[in-house]
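Hi everyone, thanks for coming.

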Amino acid sequence: MPEFKSDFLRILSERGFIHQTSDEAGLDELFLRETVTAYIGFDATAKSLHVGSLIQIMMLHWLQRTGHRPIALMGGGTSMIGDPSFKDEARKLLTEDVIADNLAGIRRNFEPYLAFGDGPTDAAMVNNADWLLDIKYVPFLRDVGRHFSVNRMLSFDSVRLRLDREQSLSFLEFNYMILQAYDFVELYRRFGCRLQMGGSDQWGNIVNGIELGRRMDDASLFALTSPLLTTASGAKMGKTAAGAVWLDPEMLSPYDFWQYWRNTEDADVGRFLRLYTTLPMDEIARLEALGGAEVNEAKKILATEVTAMLHGRTAAEEAAETARKTFEEGALAESLPTVSIERARLEGGIGLLSLFVETGLAGSNGEARRHVKGGAVRINDDVVDDDRRMVTTGDITADDVIKLSLGKKKHMLVRPQ
């Protein structure tokens, strides 16, 4: 592990954020010498970011916390094209109105982690549509396009893999890396931005920006990438069988977010504590050393700390208490995820398998049936062994809900309307 002198790089290094840098010594010296402005780009392809983006958000958080200025660059312009990096096919093209709605939602994802304002270390949210949508094509080709070698662009893994598989890569998508490189130049000109950070899959795009800045403005720019994370079992961060782990509480409840982290694999606990919390390193070392049943306590702390950063300490502690009551006491907790079902439907009866799919507890009837046969399905805490069972108004409890459970950790309240 390199011996960095600057607080920012030292913290990122010891916590496992650094995969690659363009110039370690030069970047370390830059952070010691001045207040550094750095950015990370985010696509506006949904109304919320998910857990897969959280490592990047945490990098911006530590940047500001160590006295530097973070920029969250929103891809309002580039999202109209879509990043082709390591994708098997072109992204769906989005309209300007959809992108604007997405940007408004994504800004809320950042507010718990960054302090925005006009001060020297206050975070800024910038939209690359501000300059990309006004570009004139021929002048852009002359001023920017002439600095790019098609031969070199074809050599990047993100492009080469697509072509090797004989999968179409449109000219529209091929322009993405040029536009991303130009973003770096614009941010350097407008904000004095010297560093672009991102996931390791963005290395080629970031290096393009460094070279373009040198050619166009004789600028000395830097790159830093983080490792692409998977869980110990190889699963992609931010994705579950039930769908994406969104950061927006309206798209995923704080309780479900807490549960995602509570279900962390044993081998990942220490790594996730370093990356996704701000707990001191000695405390993380203590938690990481726990074994046997005690590792579950470390997982609860992980879940509570990560949830507290995003949704606030009160919501995190409520989620932890809901879990404790539900799992340790078997009590019905009102803060469990809830879905509304028309009472008339329950009067006619809803098939158990269909209801589990509708509420998101199972992905298909077949999956739900397998869970029934495995003894993992319960209604109001009673095990169900008949996959043809109907759920009716007779299952409504005195609390005017029906509690569905899958195993010990997945619960849903059905509330008749």
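Let's start with a question: which residues in H12 meet which residues in H15? Keep in mind that this is a predicted model. On the H12 side we have Pro 254, Phe 257, Trp 258, Trp 261 and Arg 262. Their partners in H15 include Asn 296, Lys 299, Leu 302, Val 306, Leu 310 and His 311. If you sort that contact by class, you get 8 nonpolar, 4 polar and 3 charged residues.

So how do these two helices sit? H12 covers residues 254-262 and H15 covers residues 295-311. Their axes come within 8 Å and cross at roughly 140°.

Now another pair, H13 and H14. Helix H13 is residues 269-276, helix H14 is residues 281-288, and their axes come within 9 Å. Here the crossing angle is roughly 160°, so these two are roughly antiparallel to each other. H13 also passes H14 in a right-handed crossing. Who touches whom? Gly 270, Arg 271, Leu 273 and Arg 274 in H13 meet Met 281, Ile 284, Leu 287 and Glu 288 in H14. By class, that contact has 4 nonpolar, 1 polar and 3 charged residues.

Okay, on to the sheet. In what order do the 6 strands line up? They go S1-S6-S5-S2-S3-S4, in an open sheet with mixed pairing. At the edges are S1, residues 20-21, and S4, residues 124-127, and each of those pairs on one side only. Look at S2 and S3, residues 37-43 and 69-75: they pair in the parallel sense over 7 bridges. You can find Phe 42 standing opposite Met 74 in S3.

Helices pack here too. Helix H4, residues 96-110, packs on the sheet and touches S2, S3 and S4, with its direction at about 155° to that of S3. Helix H3, residues 54-65, lies across S2, S3, S5 and S6, and runs at about 160° to S2.

Last, let's zoom out. The chain comes to 19 helices and 15 strands. Its C-alpha trace spans about 75 × 50 × 40 Å along the principal axes. With 417 residues, a compact globule would have a radius of gyration near 22 Å, and the chain has 24 Å, which agrees.

Key
Residues numbered from 1 in each chain as written. Predicted model: local features only at pLDDT ≥ 70, side-chain atom pairs only at ≥ 80, totals over all residues. Heavy atoms only, no water. Pairing = 2+ DSSP bridges. Helix = DSSP H or I, 4+ residues; strand = E, 2+ residues; numbered from the N terminus. Contact = heavy atoms within 4.5 Å. Axes fitted to C-alpha atoms, helices over the stretch in contact; angles between N-to-C directions. Parallel < 35°, antiparallel > 145°, perpendicular 65-115°, else oblique. Left-handed = near helix turned anticlockwise from the far one by under 90°. Nonpolar A, V, L, I, M, F, W, Y, C, P; charged D, E, K, R; others polar. Rg over C-alpha atoms; globule rule 2.2 N^0.38 Å.
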